Amino acid sequence: MSDFRLGLSGCSGGLEAIGTSRLLTLAPYVESLGYETLWLNEEHFQGGGELGRTCLSPIPLASAMLARTTRLRLGFSVLLLALHHPLRLAEELATLDLLSDGRVDVVISRGANPRYAEAFGMEEAAQGTDLARGLAFLRAAWSDELVQHGAPAVQ
């Protein structure tokens, strides 16, 4: 039998209802309760107050939360690959993982929301078409191999 583990979901899971001012105290509290993971979603344009949810940018939020904990893992469920440059995303997640002593979990989605495509100036048809290639690039970027993305090769 495998270990049973508990985690809490962030934006869309109800945690955004506690308010922005209390989010940074949430991670140490969750850790003190014995939870293993806190999961954050990448959401945009959800509104705030009574009309919607307040969802902060997940990578900087995770960085602040990880800095206030020692054991709690922070996961992204999900990050939207279509909204990120793959090299930049690989670097940001690797940096976050190194600064937290390996306490980062990542789930990637193609991110095919038409509202996001319009707001971020992307062709809706192009969203998600490069998911396999993007995932392969992220894996390669996190390995020891030389990675070609644009020019010149990066390591």
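## Helix packing in a predicted model

In this predicted model, helices H2 and H3 run roughly parallel to each other, because the angle between their axes falls under 35 degrees. The axes of H2 (residues 58-67) and H3 cross at roughly 10 degrees and come within 11 Å. On the H2 side, the contact is formed by Ile59, Ala62, Ser63 and Leu66, and on the H3 side by Leu89, Glu92, Leu93 and Leu96. Sorted by class, the residues in this contact comprise six nonpolar, one polar and one charged.

Helix H5 (residues 131-141) has four buried positions in the following list: Gly134, Phe137, Leu138 and Ala140. These residues lie on the same side of H5, because they cover an arc of only 165 degrees around its axis. The other side of H5 carries the exposed residues Ala132 and Arg139. The buried residues of H5 pack against H3 and against strand S4 (104-109).

The protein has an average pLDDT of 80, and 74% of the residues score at least 70.

| Element | Residues | Mean pLDDT |
|---|---|---|
| Strand S1 (lowest) | residues 7-9 | 60 |
| Helix H3 (highest) | residues 86-99 | 95 |

Where pLDDT is low, the predicted coordinates should not be read in detail. Among the elements of the protein, strand S1 has the lowest mean pLDDT.

Methods. Residues numbered from 1 in each chain as written. Predicted model: local features only at pLDDT ≥ 70, side-chain atom pairs only at ≥ 80, totals over all residues. Heavy atoms only, no water. pLDDT = per-residue confidence, 0-100. Helix = DSSP H or I, 4+ residues; strand = E, 2+ residues; numbered from the N terminus. Axes fitted to C-alpha atoms, helices over the stretch in contact; angles between N-to-C directions. Parallel < 35°, antiparallel > 145°, perpendicular 65-115°, else oblique. Contact = heavy atoms within 4.5 Å. Nonpolar A, V, L, I, M, F, W, Y, C, P; charged D, E, K, R; others polar. Buried < 20%, exposed > 50% of the residue type's maximum accessible area, 1.4 Å probe, protein only. Arc of directions from axis to C-beta.
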